[in-house]
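Please examine the sequence and the model shown below. The questions that follow concern its fold, its surface and its charged pairs.

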Amino acid sequence: MFDLGWTELLVIGIVALIVVGPKDLPVLFRNIGRFVGKAKGMAREFSRAMNDAADESGMRDVQKTFKSAANPMSSAMDGVKDAARDLSSFSDPNTPEKKPVRDAEKDAARKKIEAASARKAAERKQREAEEAMKKANELEERLGGDEESKS
């Protein structure tokens with residue numbers, strides 16, 4: 001902004017120290033910081049207001065038109081991409097949209113896989129529950145046997 005280097009800032013700091021004094025220097029720097037913060041905030045607000053005004057007036061569209069005129073290859077490629085996108089999303093308005101048979105087959109296969117996965121998960125949980133029950137019974141038997149041997 002002002003293109004100040006470290007040496008210039010050092011000279012300004014020494015002069016400020018001599019002129020203002022070490023006692024009031026932190027207050028001065030705090031006030032300068034507040035002023036710079038307010039100035040940056042006002043600049044951001046002004047820039048945002050200008051961008052909003054440009055959007056409302058259609059300047060963005062004019063800018064886009066000028067850029068496309070300056071770069072015809074890019075605008076031609078954009079036209080080709082738009083045409084390809086339109087062709088890929090083409091549908092006859094007279095025929096209702098139907099899912100192809102292939103999608104129905106995929107859905108059936110997906111449901112079959114989900115059912116098999118759910119069955120396997122349930123079997124695994126049941127097996128784990130049975131193993132946990134066996135282990136609990138064994139531990140109870142050991143505790144019961146240990147108590148009988150102690151008495």
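**Helices, surface and salt bridges**

Q: Why are aspartate 107 and arginine 110 about one helical turn apart?
A: This is a predicted model, and a salt bridge joins aspartate 107 to arginine 110, with the closest N and O atoms 3.7 Å apart. Residues three or four places apart in an α-helix point the same way, because the helix has 3.6 residues a turn. Aspartate 107 and arginine 110 are separated by about one turn because they lie three residues apart in helix 5 (residues 101–150).

Q: What secondary structure does the protein chain contain?
A: Read along the sequence, the pattern of the protein chain is α-α-α-α-α. The secondary structure accordingly comes to zero strands and five helices.

Q: In which helix is the confidence of the protein chain highest, and in which is it lowest?
A: Across the protein chain the mean pLDDT is 81, and 79% of the residues reach 70 or more. Where pLDDT is low, the predicted coordinates should not be read in detail. By helix, the mean is highest at 89 in helix 2, and lowest at 70 in helix 4 (residues 72–88).

Q: What percentage of the residues in the protein chain is buried?
A: The accessible surface of the protein chain is about 14,300 Å², and carbon and sulfur atoms account for 60% of that area. A residue counts as buried when its relative accessible area is under 20%. Of the 151 residues in the protein chain, the buried share is 3%.

Q: How many salt bridges does a search of the whole structure find?
A: One of them pairs aspartate 107 with arginine 110. In another, the side chains of arginine 110 and glutamate 114 meet at 3.1 Å, N to O. Glutamate 128 and arginine 124 also form a salt bridge, at 3.3 Å, N to O. The search of the whole structure gives a total of three.

Q: Are aspartate 107, arginine 110 and glutamate 114 buried or exposed, or partly exposed?
A: The relative accessible area of aspartate 107 is 25%, and that of arginine 110 is 40%. For glutamate 114 the relative accessibility is 45%.

Q: Which residues do salt bridges that share partners join into one network?
A: Glutamate 128 and arginine 124 lie four residues apart in helix 5, about one turn of the helix. Their relative accessibilities are 39% for glutamate 128 and 37% for arginine 124. Through shared partners, salt bridges form one network of Asp107, Arg110 and Glu114.

Q: What distance does helix 2 reach from its first C-alpha to its last?
A: Helix 2 (residues 25–57) has 33 residues, for which 48 Å is expected at 1.5 Å a residue. Glycine 58, with a positive phi near 90°, follows helix 2. The reach of helix 2 is close to the expected value, at 48 Å.

Q: How far apart are the end C-alpha atoms of helix 1?
A: Helix 1 has 15 residues, which should span 21 Å at 1.5 Å a residue. The helix is followed by glycine 21, whose phi is positive, near 100°.

How values were computed:
Residues are numbered from 1 along each chain as its sequence is written. This is a predicted model: local features need pLDDT of at least 70, side-chain atom pairs count only at pLDDT 80 or more; totals for chains, interfaces and linings use all residues. Side-chain values use heavy atoms; hydrogens and water are left out. A salt bridge is a side-chain nitrogen of Lys or Arg within 4 Å of a carboxyl oxygen of Asp or Glu. Helices (H or I, at least four residues) and strands (E, at least two) are DSSP runs, numbered from the N terminus. Buried means under 20% relative accessible area, exposed over 50%, partly exposed in between (1.4 Å probe, protein chains only). The expected span of a helix is 1.5 Å times one less than its number of residues. pLDDT is the predictor's confidence in each residue, from 0 to 100. Accessible areas come from the Shrake-Rupley method with a 1.4 Å probe; for residues, only the protein chains shown count as cover.
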